[in-house]
Structures are given as structure tokens and as C-alpha cells.
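Subject: Structure handover

Hello,

Here is the structure I promised to pass on. Please open it first, then read my notes below.

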Amino acid sequence: MIRRLSACFVQIAAISLLAFYVFSVAPGDFYSADRLSPQLQGRSVAEWRTAKGLDKPWPERYVLWCRSALHGEFGMSLAYGVPVMRLIAPRIGKSAALLIPSLLLGWAFALGMAVWAAGRRDRVLEPVMSIASMSPEVILVSVLLWFAVWAGAPLTGAWLPMTGLICVVSPLVFLHAFSALTAAREANFVRIAGSRGVLKKRLWTHFILPAAANPLISLLGPSLAAAVGSSLVIEAMTGWPGLGPLFLEAVQARDYDVVQAVVVILATALTFTNLAADLLLYRLDPRIRLRA
Amino acid sequence: MTARIAIVVILLTLAAGPWLCPADPIAQDRGAAGTGPSPRHWLGTDDYGRDLAARFLYGGRWSVLAGGAGTLVALALGWTAGCAAGFAGGIADTLVMAVSEWFMTVPWLYVLVAARAAMPLSLPPRTAMLAIVLLIAALNWARPARLSRGLVLSLSHKGYVEAARGFGVPRWRILVDHIFPGTTGALVAQALSLLPRFVLAEVTLSFLGLGAGEPYPSWGGLIVPLKQAYLLRDHWWIMLPVVLMVPFFASFALVSRQIERKYRLSR
């Protein structure tokens with residue numbers, strides 16, 4: 001257990017170090033464009049860089065950055081001149097307002113469909129969902145947009161990005177849930193229970209679902225990762241003011257403190273989701289508890 | 001079967017693009033800017049009067065080529081790491097497994113964009129392509145690595161491998177002659193499921209303006225005008241290239257699913 005926790009922190013530290021290192025060796029910084037400007041002398045650009053501490057060697061800056069990151073401050077956005085956290089916090093709220101409901105809805109929808117399809121040994125839904133799971137979010141959202149324009153629906157609001165995210169999450173969950181449920185349904189102990197006259201409802205709630213829970217719980221982390229990844233594109237396409245557009249803007253402006261902060265925060269969130277999933281598994285699955 | 005034929009047809013169409021559609025994807029036909037499908041421009045033109053059919057075909061070549069090269073590199077990396085981990089065992093195995101687990105949990109689109117951001121913004125198209133391929137491969141070696149490791153582990157307990165070991169065949173020969181051939185089927189299945197993913201990654205990066213870049217055509221660039229969705233009411237034909245991309249991804253999805261199933265059954 002302690003090993004698992006420490007692995008988490010090592011992972012986060014490694015990611016932040018890597019993010020920091022990559023951007024410190026990256027060619028150019030926020031002031032690169034200014035250096036080319038004929039109205040500015042190289043000296044003033046150099047002075048700005050000194051004032052912002054950009055000329056210090058990267059290990060020193062990393063230590064400083066870590067110290068402030070522990071207090072919840074991830075540096076200054078050079079483009080906006082405000083602390084990164086003040087820029088990011090409202091955007092995280094917006095993204096979370098999109099991600100959490102769509103994850104919940106997507107999971108609920110997919111699980112419902114999977115139970116239904118596994119119950120009647122459906123053969124049509126699985127290939128359809130596996131095509132859907134491979135179809136790129138750019139195309140999904142384009143089709144949605146097209147449909148919205150055609151139907152005269154409003155192009156603003158949360159429904160478009162949310163539908164897009166649900167379309168990304170639910171095929172993934174469905175495929176895993178379907179294969180786990182089908183396997184559990186065919187398992188010997190379920191057959192025996194069925195032949196001994198256990199009621200169908202009880203068979204599902206007490207035999208099949210618990211047996212299929214294990215792979216589904218470990219899917220929590222990957223499904224969040226998939227949703228977060230897709231939300232970057234989906235937010236950019238539908239103009240949702242979440243983390244994605246801010247991130248892209250920061251990339252274009254070489255506002256590296258913002259980019260680093262977003263990467264580290266997301267990595268931390270995902271690491272802890274995985275940790276939570278593992279702890280949940282540990283609690284629910286006696287096999288894992290005994291092995292550990 | 002239909003899906004396999006579809007893949008071959010699509011790839012051939014993309015390969016034969018320059019002969020199928022002689023229009024120049026970069027040349028601007030100012031007189032016909034922003035017009036719908038016509039005998040001269042099958043899929044219509046964009047705002048600059050560039051032929052959308054030509055841009056679709058040339059862009060597809062670019063995107064698929066980038067995705068295919070990325071697949072090769074990722075498979076080579078992952079397969080080497082996985083085979084080494086599975087065969088050597090011990091610390092190497094633990095290390096590869098731990099690191100690959102990290103790579104699997106990272107939101108790789110964000111990392112891809114961030115890593116692309118660390119490079120000069122406007123690169124010449126060929127350099128951009130190389131950079132994208134290497135990035136994609138570097139970020140996606142984990143899945144094939146875990147897969148091939150599992151395969152190597154299960155193969156090395158097969159009877160014929162144990163027999164070879166018993167006859168005193170050297171370790172490297174066991175690896176080359178007895179274990180590698182068993183992993184090829186899985187490699188093909190992986191390649192087929194990775195390729196569309198990597199094409200998509202290239203498309204996404206180009207869509208975000210970090211890929212090939214204007215004026216060069218790529219599938220991602222063709223999706224950019226859809227950001228202004230309200231244009232679709234009057235310029236509906238800018239949707240056509242996107243609709244034409246659907247069969248590509250769908251047929252790859254079907255074939256990789258089929259192969260994975262067949263492979264699972266035969267194991």
C-alpha cells in the first residue's frame with residue numbers, strides 16, 4: 001500500500017521534472033518574438049528575462065517552482081501577467097462542469113446498454129460500438145455540428161461538447177463492460193446458480209455484476225484520461241471556455257508556465273484517479289487483498 | 001471481408017490521388033472560390049478557391065503516411081522493449097512494466113501538444129512530419145510493449161520452447177527462431193489498430209494548427225473551417241471531406257476487431 005502511494009508521488013515528480021526540463025531546453029521562450037522586433041533592443045529583452053528569472057539555470061528554477069507549487073502556486077503567466085492559478089482555476093471549473101456530468105452519463109448509458117446487450121446476447125451493438133470507439137472525436141463533433149446546424153439547434157451551450165464527450169466515453173466503457181459481463185455470464189458458477197433456480201434479477205446483482213466489476217473499476221482511470229484528452233479537441237471545436245482553449249493559446253504564445261501547470265495538474269488528477277481505482281479494487285476484490 | 005477490401009481500395013485511392021484528381025491542391029482558382037461541387041471541382045472549393053477533392057486526396061496521403069510511419073516506429077520500440085522485458089525478466093521486466101504503466105495513464109493528447117509546443121512553431125512540412133511521427137511513437141510504445149511482453153512470457157512456457165531449451169539451443173536462437181514467429185500475428189493486429197489512432201493524432205494536431213500547416217493540405221486542415229459551424233448552412237460541402245474520412249476509420253476499426261478476435265480464438 002505504501003509502495004503504491006510512494007510510486008504515485010514518484011510519478012508526479014517525474015512528470016513535473018520532465019515537463020520542466022523539456023520546456024527549459026525548448027528553443028525560444030515568451031520573449032522570442034520580441035527579440036526579433038526592430039523597435040526593441042536586445043538589452044531590454046534580456047532585462048525582462050532577468051526580471052522574470054528566465055536566465056537562471058533550469059535546476060534552480062525547478063526547485064523554486066516546486067517550492068511554490070507545494071503552496072498551490074504554479075508560477076506567473078507571462079502573457080496575462082497574473083499568477084497561473086488565477087488563470088487556470090476558473091477554466092478547471094468549466095472543464096470539470098463538462099467532464100463530470102458527461103462521464104457520469106456516459107458510464108450510466110454504457111453500463112445500461114452493456115447489461116441489456118449481454119442479457120440478450122446481442123450481436124449487433126458490439127461491432128457498432130467498436131466502430132464508434134475508433135471514430136475520432138473531430139469527426140464525431142463535426143457530424144454533431146452539422147446535425148445541429150441542419151436541425152437549427154443552438155450552437156452554443158453545454159449540450160454540444162457534452163454529447164461529444166459522452167460519445168467518446170460510452171463506447172469505450174461499453175466494450176469493456178460487454179466483454180466482462182459476457183464472460184461472467186458464461187462462467188460456471190453463474191450457470192450453476194442459474195440452474196439451481198436463483199432468480200434472474202438476483203443472478204445479475206449478486207453473481208454477474210460483482211464478477212464483472214474488477215475490469216470495470218480499473219477502467220475508471222483510462223476512461224477519465226480518454227475524456228480529458230478528447231475534451232481538448234472538443235472544447236476547441238465547440239468554443240467551450242475550458243482548459244483546452246487556454247492550453248492551446250498558451251502553447252501558441254509560448255507561455256510555458258501555463259502549459260507546465262496544466263500538464264502537471266492533469267497528470268496529478270489522473271494519477272490520483274488511478275490510485276483511487278486501485279484502492280477501490282483492493283477493498284472490493286478479496287483476491288487482490290490476499291495477494292498483497 | 002468487405003472491410004478489408006475497403007481498406008485496400010481507400011489506400012489505393014489515396015496512393016493514386018495525383019492521377020485521379022489532376023487538380024493542384026495548393027493552386028487557387030479565384031474565380032470559383034467558395035463554390036459547391038461541380039464537374040470541375042468534385043467536392044467544391046474552399047474560401048481560397050482551392051480544389052477540395054485534391055486537398056482531400058493529397059492530405060490523406062500525408063496523414064496516412066505520417067500515421068503509418070508512426071505505427072512502424074512505435075511497434076519497433078514497443079516490440080523491442082516488450083520482448084526484452086519478457087525474455088530477460090527480473091529488473092528489466094519490472095522497469096519496463098512500471099514505465100509503460102505511466103505512459104498509459106498520461107493524457108497523451110495534452111502531452112503531444114505540449115511536446116510539439118516545445119519545438120519551433122512553424123517547421124517545414126517534412127520536418128514537422130518527422131517530428132510528429134517520432135512524438136507519436138515515443139508516446140505510444142507502451143501498449144505494444146505490454147502486449148508483446150505477455151506473448152513472449154506465454155510462448156516461453158510452450159512445449160516446443162521448453163523442448164528447444166532442453167536440447168541446449170542457445171538463448172538468442174530460441175528468441176529468434178521460436179518466439180519471434182509467434183508474435184507476428186499480434187504485431188499485425190496491433191499495427192492495424194494503431195494506424196488509425198496515429199492518423200487521428202496527426203489529424204488532431206493539424207486541426208489544432210500544430211501539424212503540417214498551411215498551405216499544405218492535411219486531413220486535419222480540412223476540418224478547421226468546421227470551427228465556424230454556422231457556415232455549414234450555406235457551405236455544406238466543406239463537410240464532404242469529413243464524411244469521406246468516416247469509411248477509412250470505420251473499416252480499420254472493423255478489420256482490427258476481426259483480426260483480434262481470430263487471434264484470440266486461435267490462441
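The C-alpha trace of chain A spans about 85 × 55 × 25 Å along its principal axes.

What is chain A built from? It has 14 helices and two strands.

Next, confidence. The mean pLDDT of chain A is 83. Of its residues, 93% reach 70 or more. Among the elements of chain A, helix H5 (residues 84–119) has the highest mean pLDDT, 91. Helix H2 (residues 32–36) of chain A has the lowest, 64. Where pLDDT is low, the predicted coordinates should not be read in detail.

Now look at where the two chains meet. How many residues of chain A are in contact with chain B? The count is 39 residues of chain A, against 37 residues of chain B. Several helices of chain A each supply at least two residues of the side that touches chain B: H1 (2–25), H6 (125–134), H7 (137–151), H11 (220–238), H12 (243–253) and H13 (256–284). That side of chain A has 30 nonpolar residues, nine polar ones and no charged ones.

Take its packing with helix H8 (residues 159–186) of chain A. The angle between H7(A) and H8(A) is about 140°, and their axes are 10 Å apart. Angles over 145 degrees count as roughly antiparallel and 65 to 115 as roughly perpendicular. H7(A) and H8(A) are therefore oblique to each other. Their crossing is right-handed. On the H7(A) side, the contact is made by Glu137(A), Leu140(A), Val141(A), Leu144(A) and Ala148(A). H8(A) brings Leu160(A), Thr163(A), Gly164(A), Cys167(A) and Val168(A). By class, this contact has seven nonpolar, two polar and one charged residues.

H7(A) also packs with H11(A). Here the angle is about 30°, with the axes 10 Å apart. The crossing of H7(A) and H11(A) is right-handed. Which residues make this contact? From H7(A) come Glu137(A), Val138(A) and Val141(A). From H11(A) come Ser230(A), Val233(A), Ile234(A), Met237(A) and Thr238(A). They divide into five nonpolar, two polar and one charged.

Find Glu137(A) and Val141(A) in your viewer. Both take part in the contact of H7(A) with H8(A), and both take part in the contact with H11(A).

Best wishes

Key:
Residues are numbered from 1 along each chain as its sequence is written. Chains are lettered from A and ligands numbered from 1 in the order in which they are written. This is a predicted model: local features need pLDDT of at least 70, side-chain atom pairs count only at pLDDT 80 or more; totals for chains, interfaces and linings use all residues. Two residues are in contact if their C-beta atoms, placed from the backbone, lie within 7 Å. Helices (H or I, at least four residues) and strands (E, at least two) are DSSP runs, numbered from the N terminus. Ala, Val, Leu, Ile, Met, Phe, Trp, Tyr, Cys and Pro count as nonpolar, Asp, Glu, Lys and Arg as charged, and the others, Gly among them, as polar. Axes are lines fitted to C-alpha atoms, for helices over the stretch in contact, and angles run from 0 to 180 degrees between N-to-C directions. Angles under 35 degrees count as roughly parallel, over 145 as roughly antiparallel, 65 to 115 as roughly perpendicular and the rest as oblique. A crossing is left-handed if the near helix is turned anticlockwise from the far one by less than a right angle, and right-handed if clockwise. pLDDT is the predictor's confidence in each residue, from 0 to 100.
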